[in-house]
Amino acid sequence: MKTEVTENVFEEAWAGFKGTDWKEKVSISRFVKDNHKNYDGDESFLAGPTERSLRIKNIIESTKDRYEASQFPMDTDRAASIADIPAGYIDKENELIYGLQNSELFRLSFMPKGGARMAETALKEHGYTPDPLMHEIYTKHVTTVNDGIFRAYTSNIRKARHAHTVTGLPDAYSRGRIIGVYARLALYGADFLMKEKFADWNAIKEINEETIRLREEINMQYQALGEVAKLGDLYGVDVRKPAKNVKEAIQWTNIAFMAACRVINGAATSLGRVPIVLDIFAERDLARGTFTESEIQEFVDDFVLKLRTVKFARTKEYDALYSGDPTFITTSMAGVGNDGKHRVTKMDYRFLNTLDNVGNSPEPNLTVLWASELPYAFKRYCMSMSHKHSSIQYEGVKTMAEDGYGEMSCISCCVSPLDPENEEGRHNIQYFGARVNVLKALLTGINGGYDDVHRDYKVFDIDPIKSDVLNFDEVKANFEKSLDWLTDTYVDALNIIHYMTDKYNYEAVQMAFLPSHQRANMGFGICGFANTVDTLSAIKYATVKPIRDENGYIYDYETIGDFPRYGEDDDRADDIAKWLMAEYHNRLASHQLHKDAEATVSLLTITSNVAYSKQTGNSPVHRGVFLNEDGTSNISEVEFFSPGANPSNKAKGGWLQNLRTLEKLEFKHANDGISLTTQVSPKALGKTRDEQVDNLVDVLDGYFEDGGQHVNLNVMDLADVKDKILNGEDVIVRISGYCVNTKYLTKEQKHELTHRVFHEVLSMDV
């Protein structure tokens, strides 16, 4: 199906839309600036679910339950592709928005380009045998990203991976975290986008190594747009043309997004800033009488149900780090424009309303960009929904804007801000990089570079600490050398990973929905943050005696006396936290990064805090892993790290003390995200539900105005959910940057979750 996209097509599709510059050069940001309509009202306009939506929901849930009881269907003899796999449907006669990830609901794709071993392991662990022809192709005739990376890895990187000081690296799967501006397909159509890509490609005249690579990448983007058009053909929709109404706009956006999900098995495939764009189409249709409010809500419900069907084939090893089967389809809404006015729309309400209409769910990862300027009615609605569902996360607009994130910024994965169409050339995409174990680096450094658990070889060369009582200045100087090694090794690993990803598994379809000239962030995460800060605080303010074995190796510590902990709103500990962030970030920023990327840091662990805890020895502030002479360990006694930027469960004080500590952290030193996952009891917030909701609004206003960047909000009592979580029942919670149904967590991760602090008071004396 090929159509000639004429000027008349654009006149019809763009009729009633204001502005001209977005018509001349692709820009959703400029389109939104010229056409969005703020909504100051409340939720009273919202429509409930239809029988059709509930029917689709029931089919999705029953199908998933059936496969979980047996096994999910998987492709074994075909590799993932955008348009060479047939269209898939849930209930074709009743669906309003078409487009699935594969040829049938919950069929899992075979994605070997990141690494054939991992893709085949996923097949085997699901009970399937890899196809011999596919195996031969991707082990003998095709170079995967994993192949290229391990050809280039240095001995330092291999040592760091073996010791689990650096782990979770995207060196066997797609890197993720890149957000395509998928609404571009709705506003412009594929032909318009292809025409602009051709012009960008043709404008590159000077030929050198950089421009050769860019010309090839733009060409791949052009080809990917052609495949997106073919995917539309499979469903009988012509996405070469721009969408004419809100139903088509949602349909086109879904086709674009599903095209990415069909071929990209990354750490996250987020949706971006979609609701505000769709609202412009919806407002025009309401004014024209094209659709009713109920019909528009039904389109949104159907779209969200489609997003909930996205699922990837994961290995058990992957699930240990990213537990709960998350897909991180983060959808950003609200926020504030450069004019200082809020950007709340009716479509924001509609997306949040899906939690009521088609049920609570971890996906899509609903994210509200919070500012005091948001209408009180909307803030109250958000808090009411969080009180009911615990399925929404919040990010501070003011904090992120200070580091150059613009008015159309959105969140990738969990807490990481991106600004895909930033015209100043910053923050367009992210090169994901997992995280490193800073506590393990500290402890390994104290022991002279020997792995703090296995002790089998030196991870890096450094003199051990030999004193009988640890001296803060001596430990600090030693730790700074450890950070030199850690950051040097981490940068080398990520530069190799992203060079090879661009070479062997370039995300052409996602990049096709972005400007051709981009500037990336490179994300460097930290795990064990609170434990590291508390360890340094204990050494400085208490007395810490190392306990050595007969060979002089430190395997435990005796801590005598009190010391302030991170999270207690005590500047003595909080200043150590700020120092650590600055030292880590500044070292990373001093390196030359792939494609001149900008170093960004995240205090974000996903659920890998559990895995990292099991790879780390005892510290002065927690019980870690200790290997006996016979090789057995005390793994069942390990105290798990806090998730993300969370304080330790041992920190004193109430919820407000935690928030005040995080407000002090410098976002410029962790501008990839500072993740706080918090559980607060309703009774801590007030006597009545109305009072609780009002107080939540006040707390979040204060937190984000004073420098907070992110909060996962769970309003619940531990007594109400503990048994359900441990018994494997459906419980939806915000866990560490994302939302999860706890029945999919491992036993250890359920244990860690139920041992977190569930705040029963807002504030208390420390």
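Reader: What places Cys413 in a loop between β7 and β8?

Author: Cys413 sits between β7 (410-412) and β8 (416-418). Strands here are DSSP runs (E, at least two residues), and helices are runs of H or I with at least four, numbered from the N terminus. This is a predicted model, where local features need pLDDT of at least 70, side-chain atom pairs count only at pLDDT 80 or more, and totals for chains, interfaces and linings use all residues. Residues are numbered from 1 along each chain as its sequence is written, and side-chain values use heavy atoms, with hydrogens and water left out.

Reader: Why is Cys413 called buried?

Author: Buried means under 20% relative accessible area, exposed over 50%, and partly exposed in between (1.4 Å probe, protein chains only). Cys413 has 2%, so Cys413 counts as buried.

Reader: And Cys414, why is that one called buried?

Author: Cys414 is found in the loop between β7 and β8 too. Its relative accessible area is 0%, so the word buried applies.

Reader: What makes a residue one that Cys413 touches?

Author: A contact needs heavy atoms within 4.5 Å. Leaving out residues up to four places away in sequence, Cys413 touches several residues, including Arg177, Phe328 and Asn365. With that exclusion, the residues touched by Cys414 include Phe328, Glu395 and Tyr738.

Reader: How do you know that "active site" belongs to these cysteines?

Author: That label comes from UniProt, in an unreviewed entry, and covers Cys413 and Cys414. UniProt positions are given in the numbering used here, feature names are shortened, and annotations may be inferred rather than shown by experiment.
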